Amino acid sequence: MKSLFYVEDMNCSACTSTIEKGLGKLPEVKNVSIDLTRHLLEVQYEDLSEKDIILFLESLGYHPQSRNNKIQHYQIGGMTCTACSARIIKLLERTPGVSQVSINHLTGKGEIHYDESLVRPQVFSDIIIKAGFTIEEEKTLGEKRVESPFTFELKLAVGLTLILLLVAMGPMIGLSIPGIDPDGKPLAFALIQLALTLPLVYIGRSFYTQGFRALFQGSPTMDSLIGLGTSVAFLYSLYGTYMIFKGDGHYVHMLYYESAGTIITLIKVGKALEELSKRRTTGSIEKLMDLTPKTATRITRDGEEEILASLIKKGDILLVRPGESIAVDGVLRSGTTNLDESMLTGESLPVSKEVDSEVFAGTINGAGSFTMEALHVGEDMLLSKIITIVEDAQMKKAPIARLADVISGVFVPIVIAIALVSFGVWYFVTRDVGFSLKILISVLVIACPCALGLATPTAIMVGTGRAANNGILIKGGEALETAHKVEVMVLDKTGTLTHGKPVVTAVVTKDPSKEEIMLAGASALERYSEHSLARAIVEHHPTSVEATDVEPLLGLGIRGKVEGRLVEVGSEKLIPEAQEDAQGSKARIFVRIDGEYLGYLEVEDPLKETSKEAIAELKAQGLQVYMLTGDRREVAEDIAKRLGIEHVISEVLPTDKAQVIEKLQAEGKKVAMVGDGINDSPALALADIGIAMGKGTDIAMESADIVLVGDDLQKLSATMALSHRTLKTIKENLFWAFFYNILGIPIAAGLWYALGGKLLNPMMAAFAMSLSSLTVVTNALRLRKIKIKGLDN
């Protein structure tokens, strides 16, 4: 379930952090999304009611108002171009209670946001079906689409068209068929063409059923153009056949059956080829869906049993043999192994796993067998979330596509007007109905709203899909477009530049005899801290001693009682007498017991092996790189020097990170923030582009615009490079789509003929229209093969 709330008193990044952390502690809450500028909060949850969430938020001091906003998803069939999706959107948005509609005509996926107090989902499916489209079942993990677009009907159409062309055009090149000579037996010549054309009209029936329905509803589509053009050609030919029957043989030279039939077949063949190409653009999602096995081995009291993966429940114990794919997310309970996680993270090296290690659906087991406990199934699996993110991304349009969308919305009516005007002008000039009809048909058929509609989404689908296969999740066209405008890359140190797992490298005491007391006291207290440095101290010196009266001190440290002694652990700001020892390039944790300063522990968070090279690649792309950290200035500057980072912002509290982003943006810079995606969420949300780094369930998928699955920082430069290449491809596609229509329509309208050139044949116009769409899709597919460092093809 998803619910939307308006929270008027949610005013700053601290508020969003409080709400996210609070709701995040509820096990029933799956995801939290916040739009601070509009004071909107979206919560995805299970086994709760909206009232429960409202009461919880009120306990945090906020006053939410339910917007009753629900989301309904559909798989829509029968869409042939962007005008189809625009028409459905237009019809749905007229419905009271609908706030937002998104439809991707390439994938057929639709998403409707609505107020359940005003409208029911059944209304949406009725509107879609009434408009001439279908509602289909959505594909699930492991499900493949195998049907070929080259159906029996299409093959039959090609055969009939070849015969029709031979009958109609043969006499012009000396290939007259005995018994049906146009001059000797004009009626037989006309009736045979009619007989061959009628099945073709039936095969192209969707052009008439959907096209004319859309025309009469005031939202004409590409089908309307084809339906009008072929109808004019067919009906005029039918009139000519009647006149031949009445004895006027002159009309035998004014038949356009072959134009109607060939146009239908060429468009159908072009659409089939386009469908094959479009399937390649969505191949990344199909590839992800195919990662999970259909069955798994479950261990029960009676032994082993093979079950469908869809029947696995949380808590089931599963056996995974060598070479098998893992069916669900879980934790390893017995055995050791190496897993190939490249399909999720993009990292090629196998990852070793032991007892209590997390394992993920879709990854492939190495040489060892092991048992695991299922923890996340269905939509809660990491792979499912990745697929959802990729699908959602491919539904979100880039700002660069808005011009094409505006033009597509009025394109078809303008083309119909141009066709009618052209017909009128040429008839006035020539008084030749047949000649003028050729102009009319050519204009209707050559115009291609599809090329405009495909220009942006195909490139976005290929770009986001290739990124997903390399462990980079880009949440939509806007994120992809904004990424290429970024000037400043702000990197949080812990967990981004470093491994995020500090280790104690040295212990210094003023009195060696009190070292054990110092370590035990520090370890006992730090068990109550969530800071990564605290975990390093606990792991370095485990103790069974308990602490009481523990008091965390934000930005300073922690204090409490251990075995009756007052223990304080933290920075030199908490323990001023440690000021002299605070100098140096290593992070130090100071300890004071009963007012006596005893010494310090030196802690270091090792840098990732790829960090230095990643920084060099970002700088080579012209980006200014900043490091953001809560460490002392000396520590931060030492790390920055080793990595080659010139801009360092140190001693920053977690709550102040968003202010740093605001300050950089106030200087007029486009800023990307890279963090671990958990405690950096306010800064990630505020940045022009938020990039979360993480692995497995730690990824804050809702906080960032881009998620890098895994620990490889070099994916950052690959993401920036992919963004640039994708935007370049979109611009190329838009240029071709506009250029084709701006050039093609005047030629079809007879401008070239008026200047002394040849008149465009309607059949050639149909061929050109099909070719234009294929060109756009093929150009987008080039993104799959373009070499980008850090990305596999």
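Helices here are DSSP runs of at least four residues, numbered from the N terminus. The model is predicted.

## Nonpolar surface patch

With that naming, helix H24 gives the most to a nonpolar patch, with 4 residues. The patch lies on the surface and consists of Phe735, Phe739, Leu743, Ile747, Leu751, Trp752 and Leu755. Together these side chains have about 760 Å² of accessible area. Two helices each supply at least two residues: H24 (715-748) and H25 (751-754).

Phe739 is one of the members. Phe739 lies in helix H24. Its relative accessible area is 39%. Phe739 is therefore partly exposed, since that class runs between 20% and 50%.

## Salt bridges

How many salt bridges does a search of the whole structure find? The search finds 29. Three of them, including one between Glu324 and Arg321, are listed here.

| Glu324 | Arg321 | 3.8 Å |

Take Glu324 and Arg321. Their side chains meet in a salt bridge. Glu324 has 28% relative accessibility and counts as partly exposed. Arg321 is partly exposed too, at 31%.

Asp356 sits in the loop between strand S14 (351-353) and strand S15 (358-359), while Arg333 belongs to strand S12 (residues 329-334), so the pair ties together parts 23 residues apart in sequence. How accessible are the two partners? Asp356 reaches 54% relative accessibility and counts as exposed. Arg333 stands at 36%, which makes it partly exposed.

Buried means under 20% relative accessible area.

## A linked network

Which residues join Glu568 and Arg592 in a network of salt bridges? Glu551, Arg559 and Glu577 do.

Conventions:
Residues numbered from 1 in each chain as written. Predicted model: local features only at pLDDT ≥ 70, side-chain atom pairs only at ≥ 80, totals over all residues. Heavy atoms only, no water. Patch = residues over 30% accessible without salt bridge, like charges linked within 9 Å, V, L, I, M, F, W, Y side chains within 5 Å. Areas by Shrake-Rupley, 256 points an atom, 1.4 Å probe, with all protein chains shown as cover. Salt bridge = Lys/Arg side-chain N within 4 Å of Asp/Glu carboxyl O. Buried < 20%, exposed > 50% of the residue type's maximum accessible area, 1.4 Å probe, protein only.
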